[in-house]
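Morning, everyone. Please have a look at the model on the screen, and I'll take you through it.

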Amino acid sequence: MNILLTLATPFLGTALGAATVLLARRSVSARLHNALLGFAAGVMVAASVWSLIIPSIELSESFGRMSWMPAAVGIILGMLFLLMLDSLVPHVHPGTNTREGLHSSLGKRQMLLLAVTLHNIPEGMAVGAVVAGALAGDAGISIAAAMALSLGMAIQNIPEGAIISLPLRADGMTRAKAFGLGTLSGIVEPLSALAMVLLYEHISPLLPYLLSFSAGAMLYVVVEELIPETQQGKHSDIGTIAFAVGFVLMMILDVALG
């Protein structure tokens with residue numbers, strides 16, 4: 001039950017964030033938009049460092065002075081993986097009209113949903129990899145550490161769910177449909193996490209690489225998508241402050257529960 005709850009918690013965060021569309025007005029202010037994005041970015045960076053990169057290095061102690069190598073390789077591969085997906089899959093950046101990827105006849109709503117789905121894949125992989133490490137027993141990772149990461153991802157997903165559902169509502173979609181699509185954008189997260197857990201017996205030797213791979217993918221999302229958007233227009237300082245709050249909160253969760 002602990003494992004199932006850990007896998008499901010990030011999805012519940014997305015659903016909770018998407019539910020804001022049921023009560024909120026049709027649009028979100030620039031100040032709140034930057035705060036939500038900055039907070040999400042801070043949580044993701046802290047989770048990447050404390051929950052993924054540091055455990056990856058600790059699991060590679062047998063490499064001696066080269067214990068950094070699996071983490072470095074995984075981070076680079078994770079970033080390249082997201083770069084490839086960004087290049088091949090048509091999508092539009094949340095909160096903007098900027099389209100990327102190969103030409104597609106998809107509308108902005110569908111492309112927005114694709115964008116968030118892409119970004120949720122590495123988050124789910126991260127949670128699944130940490131749970132797999134806890135199940136492996138000899139990896140030095142506890143279920144409490146996995147729950148800390150899962151809770152951090154859920155907190156991060158609350159503003160993410162709102163960022164998806166609110167613009168869809170502002171674009172003319174009904175509240176119920178905007179909530180449904182905002183919630184649906186997070187379903188890939190527990191699925192990708194479950195896939196990692198089901199394969200944990202086979203991926204134990206690769207765990208340092210998988211942890212840092214997930215970290216690299218999440219860092220790509222932060223650098224490519226979230227931080228640039230918080231610095232556009234007015235109130236960029238709000239995004240910076242929210243980043244610090246998210247980072248510190250996730251750091252506290254990981255250290256306290258891990």
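Let's start with the surface. The chain has an accessible surface of about 11400 Å². Carbon and sulfur atoms account for 71% of that area. Bear in mind that this is a predicted model. Of the 258 residues in the chain, 49% count as buried.

Now the fold. There are ten helices and two strands. Going along the sequence, the order is α-α-α-β-β-α-α-α-α-α-α-α. What share of the contacts between residues at least 6 apart in sequence joins residues at least 24 apart? It is 80%.

On to the aromatic rings. How many aromatic pairs turn up in a search of the whole structure? Three.

Take Phe81 and Phe213. Their ring centres are 5.5 Å apart, and their planes sit at 45°. Stacked needs under 30 degrees and edge-to-face needs over 60, so this pair counts as tilted. Where are these two in the chain? Phe81 is in helix α3, residues 69–88, and Phe213 is in helix α9, residues 207–230. Are they buried or exposed? The cut-off for buried is under 20% relative accessible area. Phe213 has 15%, so Phe213 is buried. Phe81 has 26%, so Phe81 is partly exposed.

Next, Phe243 and Phe247. Here the ring centres are 6.3 Å apart and the planes are at 25°. That angle is under 30 degrees, so the pair is stacked. Both residues lie in helix α10, which covers residues 236–257. They are four residues apart, about one turn of the helix. Phe243 has a relative accessibility of 24% and counts as partly exposed. Phe247 has 22% and is partly exposed.

Which residues do ring pairs link into a cluster? Trp50, Phe243 and Phe247.

Last point: confidence. The average pLDDT of the chain is 80. At least 70 is reached by 84% of the residues. Now go to residues 102–106. There, pLDDT stays under 50. The model has eight contacts for this stretch beyond four places in sequence. Where pLDDT is low, the predicted coordinates should not be read in detail.

Methods: Residues are numbered from 1 along each chain as its sequence is written. This is a predicted model: local features need pLDDT of at least 70, side-chain atom pairs count only at pLDDT 80 or more; totals for chains, interfaces and linings use all residues. Side-chain values use heavy atoms; hydrogens and water are left out. Rings of Phe, Tyr and Trp (its six-membered ring) pair if their centres lie within 6.5 Å; planes under 30 degrees apart count as stacked, over 60 as edge-to-face and the rest as tilted. Buried means under 20% relative accessible area, exposed over 50%, partly exposed in between (1.4 Å probe, protein chains only). Contact means heavy atoms within 4.5 Å. Accessible areas come from the Shrake-Rupley method with a 1.4 Å probe; for residues, only the protein chains shown count as cover. pLDDT is the predictor's confidence in each residue, from 0 to 100.
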